[in-house]
Amino acid sequence: MTPIRHVYIHIPFCKRKCGYCSFFSLPIDDNSFVSHRKRYLSALRREIHLFHEQYDIQPSTIYFGGGTPSLLTPQDIESILACFDYPDDTEITIEMNPAVIAAPLADYRRLINRVSLGVQSFIDRELMLLGRLHDAQQARNTIHELRQAGFDNISIDLMYGLPGQTMHDIAYNLERVREMKPEHISTYCLSLEPDAPMFGATLPDDDLVTDFYDTLRKGLSDYGQYEISNFAKDGFHSRHNTSYWNGVDYLGLGAGASGFIDSKRYTNREDIQAYIENIEHNYIMPNAIQLYEEELRKEIILLSLRKTVGLNLDEYNERFHHDLLKEKGTEIFRLIRDGYICIIDGHLRLMPKGYFVSNEVINTLL
């Protein structure tokens, strides 16, 4: 049995749901969180135990996402990490909200070696629009405090394509990023699902958003772009997220979390009580869907082309006994001719022109 090396843990609680958020999260006050936390963490530990009974779990990355995982105390996190046996060089990431951190940062540092900070913007007007709890100064202060606490692997999230956003706003945010010098930046184009509080807001037109993206890419040229939306200094790419794009198995724990094991994809119930009841009845991987070869082939193409290194054609052909160049030769030739993709060192890659329209390009190959 191949060990499962990557673990995602969903903490679905937050102080307030942001305007753009469509992830499973439950806004909760301090008193309610105290009453929910103990039972939820107990269910998480029980879920881990149940997976240990069936699978060989040897994490090389562990990722606490949410919601707002920084609502958890270091003691809470330690109680979960104690359920795993992992080496010292394991990448352990926690998402943090600059306005919601439950304990001194130095206490997290003895357990966590990577922080993904939900900055989104260094402009107060934009933060208010997004419904964030922090302001720009608080974000800057938190980055400085993380440094003082000993964190040397900090990622920040940056959003573009906001209502009313201008190129000046993009340039201003880029300048603040250069001042803060994080090791990693994740850029996200604002998209609004029907269940997001901001749904229906007027967003900039596609041409302007494309210009925003191009400006961000060029402005982050000191970083290596290793995925359509992600940039990192040498040695600081997200090992955890890269596992998703490599299409390897990963464990998803907690209410609303998704996992991928043995070519089966599953998603836990987006209902805390239902999730806990499933675990109390020893029920894991609810509604698991088996992916067969055709689906796996499409998924590998989709995920691999998000990476700037692209799809290894030899590995793809060997794994699936399909020659993509023969099967999709006409489409590939046209996309190369039009400047959207290229083939370099046996890898099919998106060109920069294809990054922002990657969904359309990839669908052509599927």
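Let's start with Arg 39: with a relative accessibility of 35%, this residue counts as partly exposed. Buried means under 20% relative accessible area, exposed over 50%, and partly exposed lies in between (1.4 Å probe, protein chains only).

A word on the model. It is predicted, so local features need pLDDT of at least 70 and side-chain atom pairs pLDDT 80 or more, while totals for chains, interfaces and linings use all residues. Residues are numbered from 1 along each chain as its sequence is written, and side-chain values use heavy atoms, leaving out hydrogens and water.

Now the partner. Arg 39 makes a salt bridge with Glu 280, at 3.3 Å between the closest N and O atoms. Arg 39 sits in helix 1 (residues 30-54) and Glu 280 in helix 9 (residues 272-280), so the bridge ties together parts 241 residues apart in sequence. Helices here are DSSP runs of H or I, at least four residues, and strands are runs of E, at least two, numbered from the N terminus. A salt bridge is a side-chain nitrogen of Lys or Arg within 4 Å of a carboxyl oxygen of Asp or Glu. By this rule there are 12.

Next pair. Arg 125 bridges to Asp 169, with N and O 3.0 Å apart. Arg 125 is in helix 4 (residues 124-130), Asp 169 in helix 6 (residues 167-180). Asp 169 is buried, at 5%. Arg 125 is partly exposed, at 45%.

Last, a charge without a bridge. Which side chain of opposite charge is nearest to Arg 114? Glu 91, 4.3 Å away. Arg 114 is buried, yet has no salt bridge. Arg 114 lies in strand 6 (residues 114-120).

Terms used: Lys, Arg positive; Asp, Glu negative; His and termini not counted.
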